[in-house]
Amino acid sequence: MIQRSLPVTLPFALALLSLPAQASSHREAPFIAGMPRADATDFYMFRSYEPGREKFVTLVANYLPLQDAYGGPNYFQLDPNALYEIHVDNNGDAREDITFQFRFANTSRNDAFVVGGKKVPIPLIINGGAINDVNPPGLNVRETYSVTVVRGDRRTGTRDRVGNPSGAKVFDKPVDNIGNKAIPDYAGYAGRHVVDVTIPGCDTPARMFVGQRKDPFAVNLGETFDLVNYKSPAVEFDANAERSARDDLADKNVTTIAMEVAASCLVAAGGADPVIGAWTTASLPQARLINPVPNNLNSTTKEGGAWTQVSRLGMPLVNEVVIGLKDKDRFNHSRPNGDTQFLDYVTNPTLPALVETLFASAGVKAPTNFPRNDLVTVFLTGVPGLNQPVKVTPSEMLRLNTAIAPVPKGAQKRLGVIDGDNAGFPNGRRPGDDVVDIELRVAMGKLCTLNLGCAPAQAPSGAIRFTDGAYLDDGAFDAAFPYLTTPIAGSPQSVASRP
């Protein structure tokens, strides 16, 4: 239990909790909105709850937001010029100790039809052949990826390639769920792309999957950005409030990078501290020249120079509505050890005041404890006795206590720690954790009602059960790796059902 007050000089108090519900990271900054293939949407980290896999940690980084399943003909390949990374800090110093780097490549088979005696390349990424296995004959474009594990600094540390038990170090990514005619059994097809891999320096084999999934996040997105245009902000004012609104991501897919790694391979050597922190980033080469006359699939640009980070995501909701507009791109370029530069956006947050203004007629009042040290403890340092490292440099990232046992699907509580489920958010984040409702309630002072860093009198509305109305239920995720469900098909009607 937190009884102490932390000093105002602690960096980046993450007023992300001082906000109404938002999509975790969809088009959250001006620059990244123009390059969706490098835009991280959500990051998850949790103890695996698949039976028999409880000693593993699952890391899930989602990219390329708001995918419409029918978005052909090129669909949603990841950027072969980008570097996608998952970083792990296992000693609390706000710097990466282990980084998993993913690079992608697209290869065209240049399939052609003979038309009027001439061989003419087809315009589609599929050719009408079967798509039912890894690297199937029906694909005109093959998307592959490789993975490097870096120990120490992401750019200067020791590097090794990740491979499968047979030694292969290049893996296939399944094509997106184009439709039920092209891919009659997408779940089975995608499942063949879950691979066992060996991580150098780790004695226990890991698992990996990269491919399209149904976006598991639930949020009343449109009404949120329309000045929190909710019919009711809380259960107290409407008994049906938690299920009163549309989930605006219900018909969207996302591209997932997922790894399942033994917890013993992620914690610091010796295992004295079971807490790890993690975040995901995407980087692009610093220089880009556009080819005025491209002549093949991968010749549109010529890129080079140092890697430049353009996307960052740890805790959900940070960059959308906490960071000021002028600094949103700066945040995406930043690292956790530099979070002091954003302090002014946090110590005196405006969004709780906005919620108070919009719902004053219902008696809603913002917390009065400044600086918001209740948020600092949960989102910058971890909670003592829950997920705070032995030594910690305050910084924004997900933190997970790997010593806390997972809770199986069916028994998890969507409100995580504030509802007594210590295996859930903010102790890591599972697909079934309703971070929107959790963070709304904490933003408005839930922790003060528990005397966690502030007093009940400082949060007049702290006991109200705020909600955005988009309910996250048990059907939003699976019970086994990679935990995110089969993506929505671009053409959902089966061939057999057609007249």
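How many helices and strands does the secondary structure of the protein come to? I counted 10 helices and 15 strands; both are DSSP runs numbered from the N terminus, helices being H or I with at least four residues and strands E with at least two.

**Basis of the entries**

I worked from a predicted model, in which local features need pLDDT of at least 70, side-chain atom pairs count only at pLDDT 80 or more, and totals for chains, interfaces and linings use all residues. Residues are numbered from 1 along each chain as its sequence is written, and side-chain values use heavy atoms, with hydrogens and water left out.

**Overall form**

I looked up the radius of gyration, taken over C-alpha atoms. The protein has 23 Å, which agrees with the value near 23 Å for a compact globule of 499 residues; the globule rule is 2.2 Å times the number of residues to the power 0.38. The C-alpha trace spans about 80 × 55 × 50 Å along its principal axes.

I then checked burial, where buried means under 20% relative accessible area, exposed over 50%, and partly exposed in between (1.4 Å probe, protein chains only). Of the 499 residues, 57% count as buried. The accessible surface comes to about 19700 Å², and 53% of it belongs to carbon and sulfur atoms; the areas come from the Shrake-Rupley method with a 1.4 Å probe.

For contacts I used heavy atoms within 4.5 Å. Among contacts with a separation of 6 or more, 71% are between residues 24 or more positions apart.

**Nonpolar core**

I next asked which residues have the most contacts inside the largest nonpolar core. They are Phe-100 and Phe-102, in a core of 107 residues. Such a core is a set of buried Ala, Val, Leu, Ile, Met, Phe, Trp, Tyr and Cys residues joined through side-chain atoms within 4.5 Å. Strand 2 (residues 56-68) gives the most to this core, with seven residues. Leaving aside neighbours within four places in sequence, I found Phe-100 in contact with residues including Leu-59, Ile-86, Val-149, Ile-199, Met-259 and Leu-266.

**Helices 8 and 9**

I found nine of the nine residues of helix 8 buried, so this helix is largely enclosed by the rest of the structure. Among its buried residues are Asn-373, Asp-374 and Phe-379. Their cover includes strand 15 (398-401), helix 9 and helix 10. Just after helix 8, Gly-382 takes a positive phi of about 85 degrees.

Helix 9 (residues 435-443) is mostly covered, with nine of its nine residues buried; these include the charged residues Asp-437, Glu-439 and Arg-441. The buried residues of helix 9 pack against helix 8 (373-381) and helix 10 (446-449). Gly-445 follows helix 9 with a positive phi, near 110 degrees.

**Helix 7**

In helix 7 (residues 351-358) I noted Leu-351, Pro-352 and Val-355 as the buried residues. Seen down the helix axis, they fall within an arc of 110 degrees, so they line one face of helix 7; the arc is that of the directions from the axis to the C-beta atoms.

**Glu-303**

Is Glu-303 buried or exposed? Glu-303, in strand 14 (residues 301-313), counts as buried at 19% relative accessibility. Its side chain makes polar contacts with the side chains of Asn-81 (3.2 Å) and Thr-301 (3.0 Å). A polar contact is a pair of N or O atoms within 3.5 Å; within protein, one must be able to donate a hydrogen and the other to accept it, and residues adjacent in sequence count only if both atoms are side-chain atoms. Beyond four places in sequence, I listed Asn-81, Pro-285, Ala-287 and Arg-288 as contacts of Glu-303.
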